[in-house]
Amino acid sequence: MYNHIKRIIIGITIGIIVGSIIGALGFYGVIPREFRDSTTYATVKMCIGLIVLIVDLLCVWGRIKPIIDKHIDKNGKSATGTIESVRVISHPKHFTDDEWSRPSRFACVISYNTDKGKITKEYPPTPLTSERELYPFSLEEGNEIPIKYLKKIPKMSIINNERLKMAYKAEHSNDLIHLVMIPTIITALYIIAIIMI
């Protein structure tokens, strides 16, 4: 995940540098004003289009991921993983609650053995839950944890815990409408803006 963020930051930085160079060349008259204006207009249009495309792809991924997870849950191979590290992200409104009942998200790095060797994977944060709700299951470093993975692509896996799966379904029960409406609206607005301008 950090590599993806790094690439995005590098891309944004390159875009700023290139845009600044074009702007400076236009400002000092090195390139004709008409060329500068048309290039700027095309670049802005393209950048907004890329932003819309990224949002659309994220929303599409939001719809595809539960389908993939369901497939892994149904057809995946079971394994026992080991929690290598856990990062606890507590809900800001509940910082004063005791750790046992405080709603939190748990971001785990888990390693597990497959037919293709050992896999170490960083999982996205769990749904908002508490240690009390998970008991007797515990997300602590060094603990064993049930995993299901695809035999052909063992990196594709899920934490095989019924309470976490139920919490995920409850937390994302209204996602469908948002993941359909958001890309539809922003794509429609982008197309209208391109036609009108």
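First, the ground rules. The model is predicted, so local features are given only at a pLDDT of at least 70 and side-chain atom pairs only at pLDDT 80 or more, while totals for chains, interfaces and linings use all residues. Residues are numbered from 1 along each chain as its sequence is written, and side-chain values use heavy atoms, with hydrogens and water left out.

Confidence comes next. pLDDT is the predictor's confidence in each residue, from 0 to 100. The chain averages 80, and 93% of the residues score at least 70. I will refer to helices (DSSP runs of H or I, at least four residues) and strands (runs of E, at least two), numbered from the N terminus.

Now the core. A nonpolar core is a set of buried Ala, Val, Leu, Ile, Met, Phe, Trp, Tyr and Cys residues joined through side-chain atoms within 4.5 Å. Buried means under 20% relative accessible area, exposed means over 50%, and partly exposed is in between, with a 1.4 Å probe and protein chains only. The largest nonpolar core has 16 residues, and those touching the most other members are Ile 110, Tyr 112, Leu 139, Ile 145, Ile 147 and Ile 159. Strand S1 (77–90), strand S2 (104–114) and S4 each give two or more residues to this core. Which strand gives the largest share? That is S2, with four residues.

Take Tyr 112 from that list. Contact here means heavy atoms within 4.5 Å. Setting aside neighbours within four places in sequence, Tyr 112 has contacts that include Thr 80, Tyr 123, Ile 147 and Ser 157.

Tyr 123 sits in the loop between strand S3 (117–122) and helix H3 (131–134). Is Tyr 123 buried or exposed? Tyr 123 counts as buried because its relative accessibility is 5%. Beyond four places in sequence, Tyr 123 touches residues including Ala 107, Ile 110 and Ile 159. Tyr 123 and Ala 107 are 16 residues apart along the chain, and their C-alpha atoms are separated by 6.2 Å. The Tyr 123 side chain also makes a polar contact with the side chain of Ser 157, at 2.5 Å. A polar contact is a pair of N or O atoms within 3.5 Å; within protein, one must be able to donate a hydrogen and the other to accept it, and residues adjacent in sequence count only if both atoms are side-chain atoms.

Asn 161 is in the loop between strand S5 (157–159) and helix H4 (162–171). Asn 161 is buried, because its relative accessible area is 10%. Its side chain reaches the backbone nitrogen of Leu 164 at 2.9 Å, and Asn 161 touches Leu 134 and Phe 137, not counting residues up to four places away in sequence.

Asn 113 belongs to strand S2. With a relative accessible area of 57%, Asn 113 is exposed. Leaving aside neighbours within four places in sequence, its contacts are Ala 79, Lys 118 and Tyr 149.

Asn 75 lies in helix H2. At 46% relative accessibility, Asn 75 counts as partly exposed. Asn 75 and Ile 186 are 111 residues apart in sequence and 36 Å apart from C-alpha to C-alpha.

That is the end of the tour.
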